[in-house]
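The entries follow the order in which I checked things.

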Amino acid sequence: MLSHLLIKNYALIDELELSPDRELNIVTGETGAGKSIILGAIGLLLGNRADTRALYNPEKKCVIEGTFGVSGYAIERVFEEEELDYSPTCIVRREISVSGKSRAFVNDTPVNLETLRRVTSQLMDIHSQHDSVLLGSNDYQLEIVDTYAQNTDLLHTYRTDYQDYRVKKVAYDQLQTEAKAMRKEFDYNNFLYEELAKAQLQPDEQEQLENELTILENAEDIKERLQLAYEYLDNAEQSVIDFLKGTVSNLAYISKLSGQYEQLHQRAQSSLIELRDIADEISSEQDSVEVDDARVETIRERLNLIYQLQTKHQASSVQDLLVLRDELGSKVSKVLNLDDALDAAKAQTTAAYSKLLASAETLSASRQAALSPIESEIGALLHDLGMPNASLKIQAETTKPMPAGVDTIEFLFSANKGIKPQQLKTVASGGEFSRLMMAIKYILASKRSLPTIIFDEIDTGVSGEIAIKMGNMMHDMAHSHQIIAITHLHQIAGQGTAHYFVYKDHSADKTVSRIKKLTLDERISEIAQMIGGKNPSTSAVKNAREMIKQRATVK
């Protein structure tokens, strides 16, 4: 239940705190005093959108914080699924910055609006006048049936199976589409693949072949220049090596005379050794270079094949061709195995659909079983609420599997004897809608593990004895739920275990909305004014006192 509410810098509220009673809380006040503002602030905790226009002081952030006692309510699974820390006390906070940025927190953990809505929907339900419009929606009517039938687990199972079927069906349909396209392209792709596979390309062969071809095409010139280079270094008559030998010999001699020449001798000796190695390698390279016209032709043919393939496939390297070959091979292989893949996908889709139908049948059976009890209970409550001839009929039809099941629900209503029940939106007046919605909320209250229920003027269009009965129903609901009721009717206000008064304070430069918990005397005065106006008669005051005395003591 809601144990504490803090509102800062919202609309006409500078700062407001409220600690509602565990049972039936009555909220009254003049029209425009700020009751709807408080409800709007609570709506932010439930995930409603907001903007900077909601700021009382545009230079300060807005904070809405609700503290909920959740011990004993089966909501741990929601916290677990949303990866939130669970504790018996849940603190939900919403902040709107000066720039308009909104942030939400559950137990000090930042959450997005979707998560916020999912969590707070387990903590609080608000009935507003908008619900009367929703009541004409088939989807909302189906939610009513599911809530009454307590189908949460069955609906979760069905939706899981529905999602699994949809994923498999989409995958199967996509595979069928791809199969048609791939079969059309198979011959062409297979031709390209075999052409590339037959080429037996190697990653680095193009660079190696181009280098080898350059050498072969210039073999004679290379051999000639290697020969000249060798002769300069080591020919029989006069060579660099011979001259360097003389240098080494002379330096060797003088190094014996003085150690300061030894380093020059060693360097010259090293150079002689290095030049001999170079001469030997040049000689070896010269022997390896051959004029081989047949090899030149072979390399040219191979490179021409590579160049043609690169041009054909707009590839810049052999590596690109190898990647393309593998991609084509994968496509060809996939086509060759399409039948097996299609059979497997079809089997998975069929199995998922069968499982979905089984879940749908179980869910539908639970819904069907709830229809007659809903009709009976609501009929009895409407009779008590002054509509003895009213009747509610729930029409159910079966359709193809949809996200919410295979059932379509239509509430048909008649308020008068002899009139055939028709669609709600065409036959119910404001007062009839209010009584019907009160009856629905009443029967659903015992079916939901919901801490707090807020009624925003659900008494619209009713008065007198009917209002008393609606108040009695709220009082009964308050035994198992915390009820907060915004009302203009003294018959309902007198039923509360706590009474809060919303008013405008004009004492400062800017008007603010405030709320206060009424004492017994203040409550009597407020209810008396609701009965008889600003200057209630003695009988109105007496009537107010009797109403409170009959029901509960102010806490």
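I began with a definition: strands are DSSP runs of E with at least two residues, numbered from the N terminus. I also noted that this is a predicted model.

Entry one, strands. I looked up S5 (residues 89–96) and S6 (residues 102–106) and found them paired in the antiparallel sense over five bridges. Within this pair, Arg 93 has Phe 105 of S6 as its bridge partner. Their hairpin has five residues between the strands, and Gly 100 takes a positive phi near 100° there.

I then followed S6 to strand S7 (residues 109–111); the two run antiparallel and are joined by three bridges. Here Ala 104 has Val 111 in S7 as its bridge partner. The hairpin of S6 and S7 has two residues between the strands, and Asn 107 takes a positive phi near 50°.

Entry two, salt bridges. I noted a count of 23 salt bridges. What is the distance between the closest N and O atoms of Arg 118 and Glu 81? I read 2.3 Å for this salt bridge. Arg 118 lies in helix H3 (residues 113–120) and Glu 81 in helix H2 (residues 76–81), so the pair ties together parts that are 37 residues apart in sequence.

Arg 118 also forms a salt bridge with Glu 82, with the closest N and O atoms 3.1 Å apart. Glu 82 lies in the loop between H2 and S5, so this pair ties together parts that are 36 residues apart in sequence.

I found Arg 118 partly exposed at 30% relative accessibility, and Glu 81 partly exposed at 37%.

Methods
Residues are numbered from 1 along each chain as its sequence is written. This is a predicted model: local features need pLDDT of at least 70, side-chain atom pairs count only at pLDDT 80 or more; totals for chains, interfaces and linings use all residues. Side-chain values use heavy atoms; hydrogens and water are left out. Two strands pair if DSSP finds at least two bridges between them. Helices (H or I, at least four residues) and strands (E, at least two) are DSSP runs, numbered from the N terminus. A salt bridge is a side-chain nitrogen of Lys or Arg within 4 Å of a carboxyl oxygen of Asp or Glu. Buried means under 20% relative accessible area, exposed over 50%, partly exposed in between (1.4 Å probe, protein chains only).
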